[in-house]
Amino acid sequence: MELVCPAGTPAALRTAVKAGAHTIYCGFADETNARNFPGLNFSRKELGEAIVFAHAHGSKVLVAINTFPRAGGEDIWHRAISDAGSLGADAVILADLGLLAYTAEHHPELRRHLSVQAAAANPDAINFYAEAFDVRRVVLPRVLTVAEIKAINAEIDVETEVFVFGGLCVMAEGRCSLSSYATGRSPNMNGVCSPASHVSYSEEEGDLVARLGGYTIHRTEKERSAPYPTLCKGCFTSREQTGHVFEDPTSLDATRLIPDLAKAGVTALKIEGRQRSRAYVEKVVRAFRGAVEAEAQGRPMPEGLLATLSEGQAVTTGAYAKVWR
Amino acid sequence: MQEAMDLTVAPNPFFWNLETTKDFYRALSKTPVSRVVVGELVCSKRLPFIQDAFPEAVETLVEAGKSVALTTLALITLKRERKQTADLFDAGMIVEISDLSALRHLPQGQPFWVGPLVNVYNEGTLRWLAAQGAERVCLPPELPIESVRRLAQVGAECGVAIEVWGHGRAPLAISARCYHARLHDRIKDNCQFVCGDDPDGRDVDTLDAQKFLVANGVQTLSHATTSMVRHCDLLREAGVSALRLSPQSQHFVEICEGYAAVLEGVRDAEDFARDLVQLVPDGQLADGFLTGICGADWSGAA
Amino acid sequence: MTEDLPEIPQTVQVAMRPLPLRPVSILLSRLARRVAARHPDLFERMGEYGGARFALDMTDQPFVLLLDLGHGDPSIKAMRRARVGAVDATIRGPVSGFLGMMHGTLDGDALFFSRDLAVEGDTSSVLALRNAIDDAELDLAEEIGIGSTSVKLLRQAFGVVERATGLPLNRHQMTMEPYS
């Protein structure tokens, strides 16, 4: 199986290549991609050099242009497509209908992947994107069970890529404005979710209190693991109950499901974390390359090596197991 | 130059019982709204309990002179849901698309509407949908006025009427997981339809007891009710053709009449805004997506 | 990853306590300016935060480092905890955490999850700094060293201390094994 790994900086990209990534995905340092964080991402020059480096080592580079272009500002996204193509990207990862249509029309030779932000969750959606825009690969939303993925693959003619490690959206991706409601900054429009600029931490009665846009979303006791200040993993009160109403602060590790995902017809395994350091990239990529090699040789999957790198220092197989719902 | 704005009623996002649903549409047929979208948007498990209300609702509404469309589900995953979606296009009515995968079932040349849960953020997307036969598009609630203005302009160029989320708890997210069931320590397959206990959703407050969100089965809404009451002139000038009003369990007829009166110019917007505080759940209003800093902001008096 | 995050040994901490802060500040500022000269990309990456001021609060040290990025002309001042004035953000953690992030052996988010690292103030500026430093692939010996001989000597000395204390003092070296 193909291992698709994140890189938020040129150094992280080189690290991923050296650690065994078949493919690296990254984005430009602007609002065109869904990890538009301070200090992160690639200039045109950096991307060009990174692609040369990756290709020299036999790895591919995918460029995520997966936010929804702003009305009146579409040319920024169109330029990103054109630059990714001329710099030699192996594919672009897109979510917006209009941008897919533009790319299919103006850059037909540039391979198109459907971003998870398009949340194509059934064979009709996937076949629609394949037929309308000649999309060659679909990143499946993190809402499907392994059995459903298998059933989808039986009905479609394009490659599928699934997340196996990292942060986990509990909402259908690309269809969530929680962050925008609380902070005015949205994943779809600005490429950020629960942005750092709107986070404040304080120590209150020994607890670490996290607020986002003024809304208290966590109170963590001293010795407990600290979560990301992400809205959907916040702690809330609903009547007499207090807890993680939407999802616990945890992240995905589907290592042990890799053989099942292979049997379900999945082409590529994706690691989340363009916002993480090169230390994370190296450890996770190395572990998953090992797992992919083990799967190819029919050996058992390695277990539980990466919990400390995970939010909540706990992992879940998420929606891949039906009880998650 | 500017056309008058009118009112569209959104599909009811909540789970009400059959009689309540029937009564709701009977009452709605007497209100001054121009069109109504009916059908189940949020969860296909609710459908067997309420689907018998829809034929009568359609008939009553059409007789009363309203345009009526049927909505698809917002998140289609199961085989059964795909089949239901395909069947919608055979009903001989306009279909409102709330999940793009429905486009795969669209018969060639059949016009359709697009709901606010489909991502229409820019000119390219709007033009593409228009070319496929979109007649009306309700924009996603999070769009700021600059985007609305530009899209209304493009809509006018390509013959698509543009609507804006005018009233109702803002639909912020949809998931495969049911939060109502999760709050009852159940999984979705064994939900026992607990979302039916909360006709306007179940409050999800912050740890500081601040009202924030509501859970509605697999959907998450804002706790505050979005209202464009203070921006009707702005939206009309921008070229928006309709405000979309999303059902709530109480006072909905009064709310429809109030917006209609404001649009007709027979009622002062500020006056109706003050009344709205008494008419929406917990008296909380928001309009920040359009002109504020964040969605939860309210431009009027606190 | 961080349950066994090394601390500066007690004896070293005691030895450092009376360290005069002024010469330390002069040395560190010189180091910061060398880093700025050798890694112009780092400041490009900081973008709008190029002038940000950070308090690096080393929890196993008697002093705090005040890092002022100065829009490309950075300075570092060592000062007693009580004297730190207004900053954009404070980052609090053990020396080993800071060195590990700088050298690419430790992940900042993981240190945050495990509560080994805490952040106060403008979280955005901290993210920018973390990402910019991660991309710069800094190496303490290279940044300090002037000629290649001194780098080699420093590296040897750091190696001895690294083995004795567990502090990550050299840039993490990656090999292509076993997947080249």
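Domain bounds, as used here, come from an automatic or database domain assignment. On that basis chain A is divided into domain 1, which takes in 2-168 + 250-324, and domain 2, which covers 178-243. The model is a predicted one, and the points below are grouped by topic.

**Domains of chain A**
- Taken over C-alpha atoms, the centres of domain 1 of chain A and domain 2 of chain A are separated by 26 Å.
- The two domains meet through 13 residues of domain 1 of chain A and 10 residues of domain 2 of chain A, and the side that domain 1 of chain A contributes has four nonpolar, five polar and four charged residues.

**Contact of chain A with chain C**
- Chain A brings 28 residues to this contact and chain C brings 34 residues.
- On the side of chain A, the elements that give two or more residues are helix H1 (10-19), strand S8 (199-204) and helix H10 (278-296), and H10(A) gives the most, with five residues.
- That side of chain A, sorted by class, has 12 nonpolar, 10 polar and six charged residues.

**A helix pair in chain B**
- Helix H9 (residues 252-264) and helix H10 (residues 269-279) of chain B pack at an angle of about 170 degrees, their axes lying 10 Å apart, which means that H9(B) is roughly antiparallel to H10(B), since angles over 145 degrees count as such.
- H9(B) takes part through Glu254(B), Ile255(B), Gly258(B) and Val262(B), while H10(B) supplies Ala269(B), Phe272(B), Asp275(B) and Leu279(B).
- The residues of this helix contact divide into five nonpolar, one polar and two charged.

Key
Residues numbered from 1 in each chain as written. Chains lettered and ligands numbered in written order. Predicted model: local features only at pLDDT ≥ 70, side-chain atom pairs only at ≥ 80, totals over all residues. Contact = placed C-beta atoms within 7 Å. Helix = DSSP H or I, 4+ residues; strand = E, 2+ residues; numbered from the N terminus. Nonpolar A, V, L, I, M, F, W, Y, C, P; charged D, E, K, R; others polar. Axes fitted to C-alpha atoms, helices over the stretch in contact; angles between N-to-C directions. Parallel < 35°, antiparallel > 145°, perpendicular 65-115°, else oblique.
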